[in-house]
Amino acid sequence: MTKAIIVYGSTTGNTEELSEIVEGVLTDKYEVKRINVIKAEVEMLKEFDLILLGSSTWGSGELQEDFYEFYDNLDEVDLSAKQGAVFGTGDESFPEFCGAVDILEDKLKDLGVNVLAEGFKWDGDINTEAEKQVENWVENL
Ligand SMILES: Cc1cc2nc3c(=O)[nH]c(=O)nc-3n(C[C@H](O)[C@H](O)[C@H](O)COP(=O)(O)O)c2cc1C
């Protein structure tokens, strides 16, 4: 079975919740590992065909704080044969809504990853509408 990894960073739990829904859908087609970015190493990514990164946005359009080290280390691995996509939560009242999703998506593209879809961005708490939309996003990857 093809292998997928979901690496997420979440301060108050919203993106973590989203990552659980993403995992639920992916398990139909992939052998899935879901891991908090605090515990993740970039070397791990080599074992997987599909890489999904999930981060909320903090500061002014910045990465969730736990993501920085992982992000900085991404240049050390060859991801050029991989597929990927990015998701995250934010708040539309901020000027850079879900800026972390854009940062991570640009990084994956720079590293030669085939980004399968535009990043999934969700405003606020995870409700049934979020669940429906993210499920649809994952199914179409
Ligand atoms: C101090 C602060 C700064 C934030 N900055 C942004 C931002 O620049 N852009 C954005 O879209 N959301 C921003 N947010 C909203 C969070 O990203 C949002 O609450 C998110 O759902 C938190 O997800 P998490 O629980 O996974 O960390 C900010 C929230 C706080 C409290």
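**Around the ligand and into the core**

Of the 22 residues around the ligand, those that come nearest are Ser-10, Thr-12, Thr-15, Ser-56 and Gly-90, where near means that the C-beta atom, placed from the backbone, lies within 6 Å. Two or more residues of this shell come from each of helix H1 (14-26), strand E4 (57-58) and strand E6 (83-90); helices (H or I, at least four residues) and strands (E, at least two) are DSSP runs numbered from the N terminus. This is a predicted model, in which local features need pLDDT of at least 70 and side-chain atom pairs count only at pLDDT 80 or more, while totals for chains, interfaces and linings use all residues. Residues are numbered from 1 along each chain as its sequence is written.

We turn next to the core. In soluble globular proteins, nonpolar side chains tend to be buried together. Here the largest nonpolar core has 38 residues, of which Ala-4, Ile-51 and Leu-52 touch the most other members; such a core is a set of buried Ala, Val, Leu, Ile, Met, Phe, Trp, Tyr and Cys residues joined through C-beta atoms within 7 Å, and buried means that 20 or more other C-beta atoms, placed from the backbone, lie within 10 Å of the residue's own. Among the elements that give two or more residues to this core are strand E1 (3-9), strand E3 (50-55) and helix H4 (128-139).

A last stop is Cys-98, in the loop between E6 and helix H3 (99-110). Cys-98 has a positive phi of about 55° although it is not a glycine, whereas most residues other than glycine have a negative phi. Cys-98 is buried, because 24 other C-beta atoms lie within 10 Å.

Note on methods: A residue is buried if 20 or more other C-beta atoms lie within 10 Å of its own, exposed if 12 or fewer, and partly exposed in between; C-beta atoms are placed from the backbone.
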